[in-house]
Amino acid sequence: MKEISCKLLVIGAGPGGYICAIRAGQLGVDTVIVEAGKPGGTCLNVGCIPSKALIHAAEEFEKVSHMAGGKSPLGISVTAPALDLARTVAWKDGIVSRLNSGVAGLLKKAGVKTVQGWATFRDGKTVEVETETGSQMIHAETIVIATGSAPVELPFLPFGGPVISSTQALALSEVPRKLAVVGGGYIGLELGMAFAKMGAKVTVVEALPRVLAQYDAELTRPVVKRLAALGIEVMTDAKAKGLSTKGDALLVETADRKSAKVAADKILVTVGRKPVTEGWGLDQIDLDMSGKFIKVDDQCRTSMRGIFAIGDVTGEPMLAHRAMAQGEMVAEIVAGHKRGWDKRSIPAVCFTDPELVTSGLSPEEAKAQGEVKIGLFPFAANGRAMTKMGEDGFVRVVARADNHLVLGIQAVGQGVSELSAAFGLALEMGARLEDIAGTIHAHPTQGEGFQEAALKALGHALHI
Ligand code: FAD
């Protein structure tokens with residue numbers, strides 16, 4: 001059996017693992033990364049990137065569809081457009097493939113050795129990899145577990161036939177006529193809205209009283225309104241129960257505890273993701289767990305010396321940029337640098353229509369810490385939003401009442417994902433309301449809404 005040794009071994013080349021390996025390589029650490037699938041992990045292959053590609057295509061299709069028949073207020077008219085989903089998916093696959101090569105190239109450039117195969121721990125310093133050409137034993141001083149997450153399967157709706165996960169939804173070659181989405185979280189709504197724009201009749205079945213229940217109702221209101229405008233039926237307080245005998249409908253228990261059938265060609269189950277903690281020899285090492293996740297400290301150290309864990313396998317929020325930030329930090333720690341990270345400003349973006357951004361504390365969390373000032377500026381009063389026909393939404397800034405330190409920023413609106421960088425920077429730099437209010441924002445931009453929200457919190461907004 002082939003045996004190699006290295007200073008650092010990273011298991012999993014998702015955004016957490018590949019960033020960790022690249023940074024370690026840049027710092028001169030002798031690094032090996034093992035990946036069973038393609039470079040980029042969930043995010044690049046079956047998550048962030050492919051979903052945003054489909055969402056973009058769906059948006060474009062919806063835009064031109066609205067222009068058909070000469071009714072667009074923009075004065076543009078087109079003949080009825082058509083969508084060839086197989087071509088859309090091929091375009092999306094092309095982007096993924098270019099980025100796969102990009103990640104592989106970056107690993108190579110940083111001097112990282114990539115081993116393709118499934119890794120299994122043999123002991124705390126040794127991992128066996130099943131490669132195409134046989135087993136390989138890798139001995140490492142330090143090991144980083146970055147095995148990520150996988151879709152949760154419901155026992156009464158197992159994946160197969162019409163029941164699909166987000167992974168299969170991103171590879172469909174035809175738009176389903178009727179799509180049932182089980183789970184009204186961000187993945188279900190992002191994909192459900194995209195398929196509705198492509199022409200599917202979509203029904204969302206959500207067990208909780210609201211969709212996107214982790215956000216406050218004020219923030220999600222424009223999204224809920226848009227779901228209705230797209231003709232998406234949302235069943236809340238409703239529980240998916242199984243598949244009809246013929247396999248052509250989802251069985252549901254409604255809010256009033258009655259049985260209902262939702263006709264569907266495809267049933268997309270998006271009820272969450274679970275950490276990948278099986279199949280790689282967790283039982284061979286003695287790691288403390290925190291529920292189903294690997295327990296780590298603030299520096300991503302596990303309970304075993306020389307083993308770190310990063311990304312989705314370590315818990316919420318399961319986001320690519322969190323995994324990347326952890327990966328970069330761990331690489332620097334392994335290289336001997338003093339590093340920590342500030343979790344407070346991790347932004348979360350939901351690419352629904354309109355988009356949602358949150359960074360820092362929610363108004364409720366901030367209020368629990370003391371008196372606050374809140375400023376909300378609606379896009380209905382923002383010229384740029386009007387010119388983009390995106391008036392529904394707002395920016396909201398939450399700050400301490402005594403010293404005006406900004407604690408949290410939220411926004412909902414067309415394209416607000418791009419504001420997340422400014423929000424994160426403000427929180428990271430410890431901005432006060434006066435800092436945001438005093439920053440000259442370019443006109444006309446939606447960013448002016450951020451400045452105005454801060455001004456509003458200070459009591460002197462200029463445009464409302
Ligand atoms: P992963 O990306 O899951 O990568 C883990 C890798 O490890 C995989 O490639 C796997 O093959 C490999 N692996 C596992 N075990 C082994 C083993 N034993 N041996 C070898 N290799 C192994 N996040 C965002 O921030 N923004 C978004 O817009 C967004 N959209 C999403 C949309 C969808 C549809 C989905 C499903 C997810 C989305 N996410 C998004 C979440 C994001 O994809 C994850 O948070 C992120 O990929 C986690 O990174 P990771 O490095 O922890 O693990």
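This is a predicted model: local features need pLDDT of at least 70, side-chain atom pairs count only at pLDDT 80 or more; totals for chains, interfaces and linings use all residues.
A residue is near a molecule or strand if its C-beta atom, placed from the backbone, lies within 6 Å of it. Residue numbers start from 1 along each chain as its sequence is written.

**Around the ligand**
- Of the 35 residues around the ligand, the ones that come nearest are Gly12, Gly14, Gly41, Gly148 and Gly311.
- Elements giving two or more residues to this shell include α1 (15–26), β2 (31–35) and α8; helices (H or I, at least four residues) and strands (E, at least two) are DSSP runs, numbered from the N terminus.

**What UniProt lists**
- An unreviewed UniProt entry lists Lys52, Thr147, Gly148, Ser149, Asp312, Met318, Leu319, Ala320 and His321 under "binding site".
- They span 270 residues in sequence and their farthest two C-alpha atoms are 22.6 Å apart, so they don't all gather at one spot.
- UniProt positions use the numbering used here, feature names are shortened, and annotations may be inferred rather than shown by experiment.

**Two of the listed residues**
- Gly148 sits in the loop between β6 (134–145) and β7 (149–151).
- Gly148 counts as buried, with 27 C-beta neighbours inside 10 Å (buried takes 20 or more other C-beta atoms within 10 Å, exposed 12 or fewer, partly exposed in between, with C-beta atoms placed from the backbone).
- Ala320 belongs to helix α8 (residues 320–334), and Ala320 is buried too, with 22 other C-beta atoms within 10 Å.
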